[in-house]
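I opened the model to see how the chains meet. My notes follow in the order I looked things up.

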Amino acid sequence: MNASVQKEESMVMQKKMIGEHFETLARAPESGRKVVYTFVPGNLNELILAFDLLPVHPEVNALQSGMRKLSGDYIQEAEKQGHSEDVCTYVKCDIGMLKKGNIGPTGEKLPPPDLLLLSYTGCFTFMKWFELLKQEYGCPVVMLQVPYQADGTITASQREFVARQLREVVVPALEEVSGKKLDEDRLKELLASSARAEDDLVYVWESAKHRPSPIDAYFGGVYYIGPIFTAFRGLPDCEAYYRSLRSEVDYRIAHGMGPTTPEGELREQKYRIVVEGPPNWTSFRDFWKIFHDEGVVMVASTYTKVGGLYEQGFRHDPAKPFESLAEYCLGCYTNRNLPARVDIIAKYVEEYEADGILFNSIKSCNSFSAGQLMMLRELEKRTGKSGAFIESDLVDPRYFSAANIKNRLESYFQMLEAKRQAA
Amino acid sequence: MGIKAIIDRCERLYRDVDLGCVQEWKARTGGKAVGHMPVYVPRELIHAAGLLPVGVMGGGDDVEIIRGDAYFQSYICHIPRSTVELGLAGKLDCLDGMLFPAICDVIRNLSGMWQLMFPGKYVKYIDFPQTFNGAGREFYRFELASLLLDMEQLSGVRATRERLNQSIALYNDNRRALAALYDLRAAEPSKVPTSELYLLLRAGNVLEVSEHTAILREYLQLARERGRPRHDNVRVVVTGLFCEQPPLSMVRAMENSGCYIVDDDWVLGARYQLGDTAIGERPLDAIVDAYMDGTVATATRYVEGDDKGAFLVEQVRQRRAEGVIFAAASFCDPALLDRPMGQKALADAGIPYTSFTYSENTGQVQVIKEQAGTFADSIKLWGVAA
Ligand code: SF4
Ligand code: SF4
């Protein structure tokens, strides 16, 4: 098999999966399938699928709108309707999209939710977001509160709290909307499948320890998390996707190849960087190109862990479905306290032999951004590596200043070079 | 003491960013003090363990930010910046611990920053239930039991049932005095200028509860008797300021704009509970029940059901207000994301409103005064906002 065939296989698979999913969603009003809107971090995909419900993730729609350059209009629409300039733009993008007809990323109309599953993981804005959507759609909401790992560990009380809500509140709500009883065997099958895909994803992340790295764990990484963090985790298609991705990575390792980027293969890898914070979606390609042009490969990133930190050992476990779902919700990256986040990044720097650390501070997102400058100082102290700090936004094009970011990054890379020469 | 002396004292406490009165309390009693960020913490529980709960509400407009800016990105509210500034400048050194209630991602992350910055100090993030069923109640009970244990360890004092009940009684009394103050202002706003009420509230952040209640009662008595001219002002509810507090100059500007503020949500933790906490055999359960069953619907709290905004509308009706001013700290996610829902509820009920943002060190009070004034004029002239 040659590289380009290998490359295409997983990407084509993902594209097909997404296309089919949105098609099924568009047909939901006729087919009678019920729709659940829910959030990516700590999502309960296996549980939703066990009831044969269709998930929609508003953040994914927002990021897709960002990539398709529609988010600016949507955000302005929401602001026209009275939403503040100061708040999370994902919410405004979603509300603007709804006001403009709720056309999804494939150009087809998204069905309204039959239920809003407010899984409350790692961000308070989620709570407000669904309060707002509840007013727009007038449909029921079910709340799953996920406590914060304030001391860097999951306590028994936290796990029990989440598991109990799942059993006593979430499952009955899903039963009500689907008209079905929970089939625990089906749930276990789905969880077992998730665990297999998770094994393969971890293999992919860890491949970045090779030199050259066969993956870009940030820009490429956001594609790799697509199926597992959204509507597909638990399904055979998802497993097949990660198997295929893994064999592509193996192929690249065997041939000493770098990751495929929009600008071609990144074989000459001058700097290895760990990234904290989400990417900017409105200028995603341009942003990526800045790094590509400098020969920078991202060897690990925290954004790709918002839906689960599998490399730390967590797997969905069919032997204890509710407890493992609870642990999954509790374990997402932004649900960990700042010291734990610093530990995770420091470990990445060490294990992936990074040359530096980049923080992309997102205007919208206090969940990620509040305190990032302090994390950066702490990391510089602990790892001895230099960090760069830039500011942008997820989907608001007004806050992506290409020239500023480019200048800042260029001086950062010059500094890394000078440091290297001096060493 | 006359009203002026009481208010002067409260203003000195408001400006005392070094927490001199907390230091005095510690020297006098030999006790320890625990700081807490807005909005709400169960202060009776801290008090019962012999500790002084101290409300930390940022630096206002008196603190120059020198170090705090290096810790935060551009797009964030001001209170974490000034709190870090106070911490790094040693102005919070007299606090033996800090509590960070779960209200937003900023305060949440600040708890982790505090762990990193002050490794020797006690730091606790308190997760409040957002789900008001059996699981939420059990979880919160567990959280409070562990907080109580920590408080006891910090002070070396066991919070017996008796002590807990005593503290509950003191805080019930304080809440009643505050309620009486708010009721008097709503009934006769000319007798309780909001700037005075605000300073009285702020004093409760640093004074031991019984001393604070005594001041409130003394003020209440004097205020009832005082004669002040009544103006043809518009009665408004101010909402959205539950965390980062406005500077005193802004409060004064608002009340000099032709508005009588007849309800508000500043220093909300002090009035978070709507009724008493029961005194009895199981005081910890009573504190949990009081939170679960009778607290205000503020932006940091999830509202189940369909009546989002109903609390605000009811507040307007009860206080016979003619309009609402939404004032929120810039970049305050909970307040600003909540705002459209509150506005919708008001619009449906035909209640006029206006909105602006501020920050604790805002210098632009003239603009705010003009906006509040225009709002008041438009209500007077047409009964609606322009
Ligand atoms: S604040 Fe951040 S984590 Fe929360 S919804 Fe917005 S982008 Fe997502
Ligand atoms: S002002 Fe708002 S965003 Fe800032 S800390 Fe307070 S509640 Fe959080």
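**Entry: a helix pair across the chains**

I started with helix 7 of chain A against helix 6 of chain B. On the chain A helix I listed A:Ser157, A:Gln158, A:Phe161, A:Arg164 and A:Gln165. They meet B:Gly134, B:Ala135, B:Gly136, B:Glu138, B:Phe139 and B:Phe142. This is a predicted model, so I read local features only where pLDDT is at least 70.

Next I took the geometry. Helix 7 of chain A and helix 6 of chain B, residues 134–155, pack at about 170 degrees. Their axes are 9 Å apart. The two helices are therefore roughly antiparallel, since the angle is over 145 degrees.

I then checked A:Arg164 for a partner. Its side chain forms a salt bridge with that of B:Glu138, at 2.5 Å from N to O. I found three salt bridges by the rule across the interface of chain A and chain B.

I moved on to helix 14 of chain A and helix 5 of chain B. Which residues meet here? From helix 14 I noted A:Leu338, A:Pro339, A:Arg341 and A:Val342. From helix 5 of chain B I noted B:Asn109, B:Gly112, B:Met113, B:Gln115 and B:Leu116.

Helix 5 of chain B spans residues 105–117. I read an angle of about 70 degrees between it and helix 14 of chain A, with the axes 7 Å apart. That angle falls in the range 65 to 115 degrees, so this pair is roughly perpendicular.

**Entry: the whole interface**

I stepped back to the totals. 53 residues of chain A are in contact with 54 residues of chain B. The buried area between the chains is about 4700 Å². Carbon and sulfur atoms give 59% of that area. I asked which residues of chain A lose the most area to chain B. They are A:Phe124, A:Asn366 and A:Met374, together 14% of what that side buries.

I also counted 24 residue pairs in polar contact between the chains, both residues at pLDDT 80 or more. Several elements of chain A each supply at least two residues to the side touching chain B. Among them are strand 3 (115–120), helix 7 (156–178), helix 14 (338–351) and strand 10 (386–392). Helix 6 of chain A gives the most, with seven residues. By class, the chain A side has 25 nonpolar, 17 polar and eleven charged residues.

**Entry: a salt bridge within chain B**

I counted salt bridges over all chains and got 61. I looked at one of them, between B:Asp8 and B:Lys4. The closest N and O atoms are 2.6 Å apart. Both residues lie in helix 1 of chain B, residues 3–15. They are four residues apart, about one turn of the helix.

**Entry: backbone exceptions**

Most residues other than glycine have a negative phi, and most peptide bonds are trans. I went looking for departures.

Where are the cis bonds I noted? A:Arg211 and A:Pro212 are joined by one, with omega about -5 degrees. A:Pro212 sits in the loop between helix 8 (184–206) and helix 9 (221–224) of chain A. Another cis bond joins B:Pro38 and B:Val39, with omega about 15 degrees. B:Val39 is in the loop between strand 1 (33–36) and helix 3 (43–48) of chain B.

Last, I checked A:Asn102. Its phi is positive, about 55 degrees, although it is not a glycine. A:Asn102 lies in the loop between helix 5 (89–99) and strand 3 of chain A.

Technical notes: Residues are numbered from 1 along each chain as its sequence is written. Chains are lettered from A and ligands numbered from 1 in the order in which they are written. Side-chain values use heavy atoms; hydrogens and water are left out. Contact means heavy atoms within 4.5 Å. Buried area is the accessible area (1.4 Å probe) that two parts lose on being put together, summed over both. A salt bridge is a side-chain nitrogen of Lys or Arg within 4 Å of a carboxyl oxygen of Asp or Glu. A polar contact is a pair of N or O atoms within 3.5 Å; within protein, one must be able to donate a hydrogen and the other to accept it, and residues adjacent in sequence count only if both atoms are side-chain atoms. Ala, Val, Leu, Ile, Met, Phe, Trp, Tyr, Cys and Pro count as nonpolar, Asp, Glu, Lys and Arg as charged, and the others, Gly among them, as polar. Axes are lines fitted to C-alpha atoms, for helices over the stretch in contact, and angles run from 0 to 180 degrees between N-to-C directions. Angles under 35 degrees count as roughly parallel, over 145 as roughly antiparallel, 65 to 115 as roughly perpendicular and the rest as oblique.
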